[in-house]
Structures are given as C-alpha cells and as structure tokens.
Amino acid sequence: MEKIMFYLLAAIIVIFAYMSVTSRKLYRATMYLLFVLLAVSGLYFMMEYNFMGAVQLSVYAGGIMVLFVYAVMLTDKIGEPLRSIPAKWKILPVVVTVGTALLAIYAIYSYQGISADNEATVTTVEQVGEKLLSYEDGGFVLPFEVISILLLAAMIGAIVIAKAKKLVNQEKN
Amino acid sequence: MILTNTTNYFAQLIDYLFEQMGLGGQILGYVIVAAIYLTFFAVAGLLLVYVERRVAAFFQLRLGPNRVGPWGLLQTIADALKLLAKEITGTERKDKLLYHAAYFLVIPAALIGLSVIPFSNGVQAYDLNIGVFFISAVSSVGVLGILFGGWGSNNKYSLIGGMRSGLQMISYELSAGLAILTIILMAGSLQMSEIINQQKDLWFIVKGHIPALIAFVIFVIAGTAESNRTPFDLPEGEAELGAGFHSEYSGMGFAYFFLAEFINMFIISAVAVTLFFGGWLAPFGITDSLPWQPLWGAVWFFVKVSGMIFLLMWFRWTFPRLRIDQLLTLEWKYLLPVGLLNIVLMAILVYYNIIL
C-alpha cells in the first residue's frame, strides 16, 4: 500500500513538474506547480511527518502559490500562450538538468551512512519547537533569529516601497 | 468514568476489514469511510441550504420554502435535481482546464478539512497530532480553487470576485490563526481529541475567561470573512459583480461551489465548538452515565454546531455589507493587533496559572 502511494505521488510530482515547465500558458503552469507542491506534502504525510506536511500545505500551497497567482496576473499578456523557445536555447537547460540529476544520483549512491529505519517515528510540534529554540548542540536558535531579522527587514522594506510615493509627494509639497 | 478512549471507530473498521480480506479489504475500508464522509458532505450541505433559506425568511417575516415535502424539507433536494439536469454552459474562450479544475480544488479542501473534526468520541476519520493546524492549512488550498475559477471563467467580474475573495481569505486567515493559537497556548496541544480532553472539567471559553472571549469574538469575525458570508461577501457583491467568482458556472459547477461554501461554514462552526465549547462533551457531564456514549456525543456536538451556524446566519441577515477599505481596516488595524496582544495576555495568564 505504501509503495503504491509512493509511486503514485512520485509520478504526480514528475509529470506535473515537467508540465509546469513546458506549459505555454502561464496560469496553467502555476496550477501544475500547485499539484507538485500538494504531492510533496503528501510525501511528508506518508512519512508521518505531519507537521512538515501541514507547513508545506499552508506555506507553499496556501501562501507562495497565492503570491504566484497574483504575480502572474501582473505580467503582460497572460491570456495568450507564451512564445516557444528556439531549439538552440533548449540545449543548455537540458545539459544542466541531466548533469545535476546524474550528480545527485552519484551522491546518493556513494553515500554509505543511510540505513533505512523501518519504524516510522512521529515528530511532534513540541520537538520541533524545542529544537528551534535550543542553544545546545544541534539547536537551531541562530538560524531562527537570523530568519526573524531577515523577515523583519523584508517587512520594513515592503512598507517603505508602499509608502515611497506618498513620502516623495509630501516632500515636494 | 472514561471520557476519551483511544478507540477510533473508522480505524477499527479499516483494521477489521484488513484482517478479513487483506489489502483489498483495507482499500474497501478507505472507500467506505470516504463514502460516509461524502454522503455527510452532500446531506449536510443540502440541509444547510434549506436552513439558511428558512432562517433568512423568518428574519424577513416571510415563510420561506414550505411547499415541497413536510415544512418544505425536500425543497433543496428538488433544487439539486434541477441543477443536475441543467445544461452546463460557460463563457467563450474560457480556460477550460482551470475552469473545471476550480471546483475539484474547492471540494476536496472542504472534505479533507471535515475529516479531522471529531464528531463524537472516536468518530473521526483521522486524529492527526496537528489537527487544528491541518484544517487551516487545507482551507488555504481552497482559496486557490476560487482564484483559478475566477481567472478561468474569462469574465472580468469573475476575475475581480476571485481576486477579492483571495485577498479577503488570506487577510482574515491571520486573525483566525492567532485566535486559534491563543487557545492552543492553553491546551498545549494541536490534536483535536486532546483539546477536547482538556475541557472535560471546564470549557475553554470559561477557563480562559477574558482572552478566550476576545479570541472567540475574533475567530467568529474572521471565520465569517473566510467563508465569504455577509457582512464580508464583497467577492460576490451582487450589485457590482453579478455572483462574483462563480458567475459563469451553471448547473453542478455552481452547485459544487455552493455546497463547498456551506461546508466551510460548518467546518468553521465545528472548529469554534471544538476549541471553545468542548466539542462533543456534554455540558456539566449530564449524559455521561447514559448508554450509547458516542451517540450522545454526536447529539451534543450537533446541537452546539447548530447554535454556532445559527449565529453566523444571524450575522448574515442583520449586518449590512462592508466596503473594501472598511474590510481591510478592520482586519489590519483592529483584529490583528488585538489578536497579537491577546496572545501575549494569554501567555501571561498561562505562565502565572491564572486561568480558571
């Protein structure tokens, strides 16, 4: 059962990722991307990592995707299909993709440290929270604080951008 | 007296079928559970539409639907049959894929949200350890269905309706999330069954006194906004936008959106009942000694949820619609700061153990 579900989700991810890249309608591409993100969250749920699955759903599917949808609406000529790329431009992306895939496969197979655990452990929100704020070895308090500062800076930046016109107008007057 | 047991009737059914028939039985079990939920989805949706029309009629001193069946109970079934038989039309040059994918995003979002709600002791499809968070995560996927539907219709009114709806749902999700967090601070768990278990001596709305009351008010306002109901129904403001994002849907396409909207209202009421009013727990434990415990749990759950739904309908037929700037001001200038302060207040109360 698990195997069937895994291959189903993997197939969804691969097929829709391909379709999202090759689709010539921008709005449909975002929908295919949504299906990829949903399937990834399905993988997390299969691993009993429920918290990560729900974060994937709410942050990526709910947040980032809505942002994409609004961003796409601001682009030019969304209703018309995108022009197709000439063949000579396609070579480099193909080479890069295949090269990266080969590198990743090589890295996975040459790494000996993995031993698959048959018992799935449920990661609780408490564990995630304690690790996030722990000062000890393997704690994540520094990245957590850095990200907080980054988000604060982004928020202030957004306010400045939104108010810039108003401020300039005030100075002129 | 055992109030929460670890039995989950749906899980037991699937396990039993798995023992009897192997893998096929397991799949059969999943199908049966899904079928039960789908049936509930359809029946509850139809019933809510009937109740809404009836309540609306009484608020306006009318009678409402009262011709088909006893007290007009079969009216919505007749309507559903009519919608089934209707021709499916749409706009020219619509994006067919997005247009039809929209309701396949909205309906599963509502249905999956339903699956983690405990209807009674052990009557819950899946008792996730992050239950409440899961519901808010899944409901945020439903927004995308509305946005895709609004775009796919190839109609400017649908597009504006979809945009407004997305904007509103994202904004108010923050407040709803903060109100939920306030209660989570007190419960110390995101699991639905654990939250209910914590309330067996006292419901959270009493236990958390002031901050819990504020959180409840914020949650109800944000919940009304998230289900796109009046006074927050700008996305389908009929004077400006026709029917908003579902203007161009006919027949069952329209019915799906309509059903999902009512089920979302049910989910919001159920979450409010679970977080603030003890879910399926009987008030003061008055039915705890009677036989058929799960049944009594379901009775209390549905009584409380009906009360919440009535409150939401009461709002709908009492308040006038907000303007878009009023809507955003209410969220960003009032609800969000109050919600944030409320969390701090609740944290202080929980830290010094001043909750009842």
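Colleague: How is chain A divided into domains, and how far apart do their C-alpha centres lie?

Modeller: Domain bounds come from an automatic or database domain assignment. For chain A, that assignment gives domain 1 (1-83) and domain 2 (139-173). Their C-alpha centres are 29 Å apart.

Colleague: Which secondary structure elements does chain A contain, and what part of its residues counts as buried?

Modeller: Helices (H or I, at least four residues) and strands (E, at least two) are DSSP runs, numbered from the N terminus. Chain A has six helices and zero strands. As for burial, a residue is buried if 20 or more other C-beta atoms lie within 10 Å of its own, exposed if 12 or fewer, and partly exposed in between, with C-beta atoms placed from the backbone. By this count, 13% of the 173 residues of chain A are buried.

Colleague: What are the corresponding values for chain B?

Modeller: Chain B has 13 helices and zero strands. Its radius of gyration is 21 Å, close to the 21 Å that the globule rule gives for 356 residues, so chain B is as compact as a globular protein of that length. Buried residues make up 45% of the 356 residues in chain B, and its C-alpha atoms fill a box of roughly 60 × 55 × 40 Å along the principal axes.

Colleague: What share of the contacts in each chain joins residues 24 or more positions apart?

Modeller: Two residues are in contact if their C-beta atoms, placed from the backbone, lie within 7 Å. Among contacts with a separation of 6 or more, residues 24 or more positions apart account for 77% in chain B and for 50% in chain A.

Colleague: Which residues have the most contacts inside the largest nonpolar core?

Modeller: A nonpolar core is a set of buried Ala, Val, Leu, Ile, Met, Phe, Trp, Tyr and Cys residues joined through C-beta atoms within 7 Å. The largest has 109 residues, and those with the most contacts inside it are Val106(B), Leu144(B), Phe219(B) and Ile267(B). Helix α11 (residues 251-276) of chain B gives the largest share of this core, 17 residues. Leaving aside residues up to four places away in sequence, Leu144(B) touches Leu34(A), Met65(A), Val66(A), Val69(A) and Leu105(B).

Colleague: How many residues does each chain bring to the contact between them?

Modeller: Chain B gives 24 residues and chain A gives 18 residues. On the side of chain B that touches chain A, the largest share, twelve residues, comes from α5(B). That side divides into 18 nonpolar, five polar and one charged; here Ala, Val, Leu, Ile, Met, Phe, Trp, Tyr, Cys and Pro count as nonpolar, Asp, Glu, Lys and Arg as charged, and the others, Gly among them, as polar.

Colleague: Is Gly62(A) buried or exposed, and where is this residue found?

Modeller: Gly62(A) is found in helix α3 (residues 50-74) of chain A. Gly62(A) is buried because 25 other C-beta atoms lie within 10 Å. Apart from neighbours within four places in sequence, the contacts of Gly62(A) include Ala137(B), Ser140(B), Val141(B) and Val143(B).

Colleague: What is phi of Leu61(B) and of Asn228(B)?

Modeller: In Leu61(B), phi is near 55 degrees, a positive value in a residue other than glycine; the phi of Asn228(B) is also near 55 degrees. Leu61(B) counts as exposed, with 6 C-beta neighbours inside 10 Å, whereas Asn228(B) is buried, with 23 other C-beta atoms within 10 Å.

Colleague: What is the mean pLDDT of chain B?

Modeller: pLDDT is the predictor's confidence in each residue, from 0 to 100. The mean for chain B is 85, and 98% of its residues reach 70 or more. Over residues 1-5 of chain B the pLDDT is below 50. Where pLDDT is low, the predicted coordinates should not be read in detail. For the complex, the predictor gives an ipTM of 0.83 and a pTM of 0.88.

Key
Residues numbered from 1 in each chain as written. Chains lettered and ligands numbered in written order. Predicted model: local features only at pLDDT ≥ 70, side-chain atom pairs only at ≥ 80, totals over all residues. Rg over C-alpha atoms; globule rule 2.2 N^0.38 Å.
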